[in-house]
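Let's walk through this structure together, one packing arrangement at a time. Keep the viewer open as you read.

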Amino acid sequence: TDKYPVLYITDGDEHFFLASGITEFMSSQYVIPELIVVAIFHKDRNHDLTPTHCTEDNDGFKSDALKVSGGGGKLLQFIEKELIVEIESNYRTGPYRILAGHSLGGLFSVYAYLNRNQLFNAFISMDPALTWDNYLCERTLKTLTYQSPNLNNKFYISSAHNAPYGKRDKSPFRLSQDSFYKVLKAKQDSNIKHDYFETQNHLTVPYQSLYAGLSY
């Protein structure tokens with residue numbers, strides 16, 4: 001008869017066992033309740049996790065891999081209209097949903113936070129690629145008012161150290177994350193948290209980020 005919160009996590013091929021292991025450990029130690037973990041797999045993450053069509057970075061460097069970009073809206077619609085309906089029709093789900101993602105998945109989580117906030121109670125964005133499309137998410141955030149319902153639910157963001165060891169991180173990722181959080185904090189000073197993991201790089205940061213995000 002128990003019902004469980006649901007964690008939806010992108011890049012499911014890479015992060016399902018990470019997420020299920022962390023949630024099992026944390027719930028066994030009574031840090032968090034037991035969760036249902038739903039891993040979302042991608043045929044092409046460059047399509048699914050990017051909110052707009054953009055084939056070059058902010059310095060004008062073009063990438064053939066991004067010719068398929070811009071499917072984030074369709075993925076969000078699929079999650080809302082099909083995936084959540086399927087999960088909540090067939091499993092004992094509680095009234096609490098979390099969306100988590102890393103890198104482009106972190107970008108997607110921020111995009112969902114800004115545009116379809118009511119779908120989830122909490123968002124975890126791990127070292128997100130907020131440089132995307134000339135800082136799209138920050139530009140969107142600046143258009144929202146403090147009273148906007150888009151800013152009501154919990155939001156957690158982490159930053160890895162994407163610079164040579166011992167050097168200050170001035171990478172585009174770090175600068176874009178700092179800038180986004182600064183704008184967000186000016187609009188909404190509660191229900192948000194930003195952690196730095198200076199001993200972790202972009203590829204290793206999800207483990208500590210997910211633990212910290214779920215704890216928050």
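Where is the place of Ser103? Ser103 sits in the loop between strand E3 (93-102) and H4. Before going further, a word on the ground rules: this is a predicted model, in which local features need pLDDT of at least 70 and side-chain atom pairs count only at pLDDT 80 or more, while totals for chains, interfaces and linings use all residues. Residues are numbered from 1 along each chain as its sequence is written, and side-chain values use heavy atoms, with hydrogens and water left out. Helices (H or I, at least four residues) and strands (E, at least two) are DSSP runs, numbered from the N terminus.

Most residues other than glycine have a negative phi. Ser103 is not a glycine, yet it has a positive phi of about 65°. With a relative accessible area of 11%, Ser103 is buried (buried means under 20% relative accessible area, exposed over 50%, and partly exposed in between, with a 1.4 Å probe and protein chains only). Asp133 belongs to helix H5, and its 21% relative accessibility makes it partly exposed.

Now for the helices. Two packed helices are described by the angle between their axes and the distance between the axes. Here the axes are lines fitted to C-alpha atoms, for helices over the stretch in contact, and angles run from 0 to 180 degrees between N-to-C directions. Take helix H3 (residues 72-90) and helix H4 (residues 104-115): their axes come within 11 Å and cross at roughly 70°. H3 and H4 are therefore roughly perpendicular to each other (angles under 35 degrees count as roughly parallel, over 145 as roughly antiparallel, 65 to 115 as roughly perpendicular and the rest as oblique). On the H3 side, the contact (heavy atoms within 4.5 Å) is made by Gly72, Gly73, Leu75, Leu76 and Ile79, and on the H4 side by Phe108, Tyr111 and Ala112. These residues divide into six nonpolar, two polar and no charged (Ala, Val, Leu, Ile, Met, Phe, Trp, Tyr, Cys and Pro count as nonpolar, Asp, Glu, Lys and Arg as charged, and the others, Gly among them, as polar).

Gln77 is also placed in H3. Its relative accessible area of 49% makes Gln77 partly exposed. The C-alpha atoms of Gln77 and Arg116 are 9.5 Å apart, although 39 residues separate them along the chain.

How do H5 and H6 compare in direction, roughly parallel or roughly antiparallel? The axes of H5 and helix H6 (residues 172-187) come within 10 Å and cross at roughly 15°, and that makes the two roughly parallel. H5 contributes Tyr135, Cys137, Glu138, Leu141 and Lys142 to the contact, and H6 contributes Ser176, Ser179, Phe180, Val183, Leu184 and Lys187. By class, this contact has six nonpolar, two polar and three charged residues.

At 0% relative accessibility, Leu141 counts as buried. Leaving aside neighbours within four places in sequence, Leu141 is in contact with Leu114, Leu151, Phe180, Val183, Leu184 and Lys187.
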